[in-house]
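Biologist: I would like to learn how to read a set of computed structural features. Please take them one at a time, the general idea before the case.

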Amino acid sequence: MTTSKLLLGIILLATGIAAQAQDSALATPWWKAPGSLAADDAKWRAEYTQQKDVADAFAASLAQSIKTGKGMGYLDQGGVSPSWYKPPLLVQPFPGSFSSRLYDLAYSAFLQSGQLDEAYRLAYTAVLQVPENILWRQRLIQVGTWLGQREMVLQQWQWMAQREVPGARAAAVRLAAALSRPDIVIQLLSPLARAGQLSDADWKTLIYAYGQLSEPDKAITDINQSLQRTGPNRFLLEQKAYLSYQRGEIAQSLAALQGVEKHFQATPDIAVQEARLFSMQGKYAEAFAAMDRVRSKASLNNVPFWHLLAVLAWELHDHEAAFDAEKKLYLLGAASQYDLQRLIILVGSKNPEAALVVAQRGWKKYQFPYFYFESLTYAGQAHKWKTLEQLLQSIPAHDPQGLRSYATYWLAMGQWANAVENYPAAEWAYTEALRLNPEDEIAKNNLLWMLVDSGNVHTLRALLAGDVLQAPESLRNVTQNALERLGHNTTALFLARQNLPSSQPNSLRLLNEASLWESAGSPGIAWSLRQNVIADSLSSLQKNHGQGVTPHE
């Protein structure tokens, strides 16, 4: 009994620890854990890279073959022969007529004595004299292979393949492909392809052979005939889509992919191809719809899928879908420079702290000035003054990227200095920003507010020496406050009246105006304005009470 209780206690303790760890993981903000979605990041990334390299190599090889119109073998291209190449043997056939018993004996003797050249000559003579004798063709293949006479060997396999000798066709195709003889590959496989009797592996060999001869249209013809004979075939439809795309036939390629989606289960990979073709036609909504239909089937580590979905969602202003895709890429550690830029824009207005972390990641990874300045901006918005200070001080003295030559740097410096009440540093920073851009109204606005907050009346008076009544609309509010600070209440009142909207002003504006009228020596007007505010407030309270609004509401 004691043992059972102990075991139960251990289980409950373990369960509690696991639940606590899960709660802790859920409580961690997503932007603080990039790479958290990749259970085995190194493994899947290596597999993805290898698949991409293989696909790119095949596409490049096929494109080069189509471009040059030549095969890829040494016989067609010229150049240095491969190490296995042996020049054809010049053979003088044996004189006299063929004798089965004598030739069998001689062949065995030549092999036992190691006279391969003579054995080859004998088999060659026998094939000339009795061409229908399969045994001697097999012997010519055997000794020809030992002597490196691969062209002769290919001829024998091809002859036997045409006569349906078991295994001959497969051997002939393998050797023809190795020797870059696409014409023979096509001759051997095309009839079977049109009859719908070819395996997927042989289809790949046949399609590649057509590519070597720059004849993808004939490959499509074979595929169409096979589809007509056997019905829908996922592999062939995908190959047709690929070949049509290689030929620049976007509509045909798209139709083939839609055939896959119609007759078979749609997959994220097919959706990606469809979306790319739709995008080439400028049909971004259709491209996004194709991907959105299979979004639930896409694995987390399907980087190409999430990259394209993010771009399309952003293009269509579907910010929810764009954020979902960009967040996955970020957590996988697979976000590109542009993914990080879009993610910053998507989260910046709602969560400046998240935007700050993403921007810092972009700056660390890419050293692109955009990410540095976004880091400054969102550090200020999130009130991360220590982080902002570190960012400002992280620029080397020689400033290789010239970041201090931008007004944004000095605006951030001024914001940080003002936040920590280092007003001389803030004044200097805003002055530098205005030196770089004298028309920067943000710098002017921040400088005036800093002077008002710090009580620097002397500098305020110097800056407001001009015609303050003509202040730009963006500076009227801070100018009004500065005038009040200096005791110029009448002028401040004039600006306040300019700031009032044409509609009925709210109570707070009326109370501010009343204070200005009283400071300007007109207590009567101030009293009237305050009475209006009181009357409006009482009316609002009675109206709310009549509608049954409780104090809590």
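Modeller: Start with burial: a residue counts as buried when its relative accessible area is under 20%, and as exposed when it is over 50%. F305 has a relative accessible area of 0%, so F305 is buried. Keep in mind that this is a predicted model.

Biologist: How many of the residues in the protein chain are buried, as a percentage?

Modeller: Of the 553 residues in the protein chain, 37% are buried. The accessible surface of the chain is about 30,700 Å², and carbon and sulfur atoms hold 54% of that area.

Biologist: What does the secondary structure of the chain come to?

Modeller: The chain has 29 helices and 0 strands. As for contacts with a separation of 6 or more, 53% of them join residues 24 or more positions apart.

Biologist: How should I read the aromatic pairs?

Modeller: Two rings pair if their centres lie within 6.5 Å, and planes over 60 degrees apart make the pair edge-to-face. The structure holds 18 aromatic pairs. In one of them, F305 and W306, the ring centres are 5.1 Å apart and the planes stand at 85 degrees, so this pair is edge-to-face. W306 has a relative accessibility of 2% and therefore counts as buried.

Biologist: Which kind of pair do W363 and Y372 form?

Modeller: Their ring centres are 5.1 Å apart with planes at 50 degrees, so the pair is tilted. W363 is buried because its relative accessibility is 13%, and Y372 is buried at 0%. Ring pairs also link W30, W31, F323 and Y330 into a cluster.

Biologist: Y330 makes me think of the cavity. What lines the largest cavity?

Modeller: A cavity is a set of grid points where a probe fits but cannot get out. The count here is 1 cavity of 30 Å³ or more, and the largest cavity has a volume of about 40 Å³. Its lining consists of L329, Y330, G333, A334, A335, L340, R361 and K365. By class, the lining residues are 5 nonpolar, 1 polar and 2 charged.

Biologist: Which helices each supply at least two residues of that lining?

Modeller: Helix 17 (319-332) and helix 19 (352-366) do.

Biologist: Last, contacts. Which residues does Q367 touch, not counting residues up to four places away in sequence?

Modeller: Contact means heavy atoms within 4.5 Å. On that count Q367 touches G362 and Q401. Q367 and Q401 are 34 residues apart along the chain, with their C-alpha atoms separated by 9.4 Å. Q367 sits in the loop between helix 19 and helix 20 (369-381).

Conventions: Residues numbered from 1 in each chain as written. Predicted model: local features only at pLDDT ≥ 70, side-chain atom pairs only at ≥ 80, totals over all residues. Heavy atoms only, no water. 1 Å grid on protein atoms, 1.4 Å probe; cavity = no way out; pocket = protein on both sides within 12 Å on 5 of 7 lines; lining within 4 Å. Points joined across faces, edges and corners; volume = space filled by probe spheres on them. Helix = DSSP H or I, 4+ residues; strand = E, 2+ residues; numbered from the N terminus. Nonpolar A, V, L, I, M, F, W, Y, C, P; charged D, E, K, R; others polar. Buried < 20%, exposed > 50% of the residue type's maximum accessible area, 1.4 Å probe, protein only. Areas by Shrake-Rupley, 256 points an atom, 1.4 Å probe, with all protein chains shown as cover. Phe/Tyr/Trp six-rings, centres within 6.5 Å; stacked < 30°, edge-to-face > 60°.
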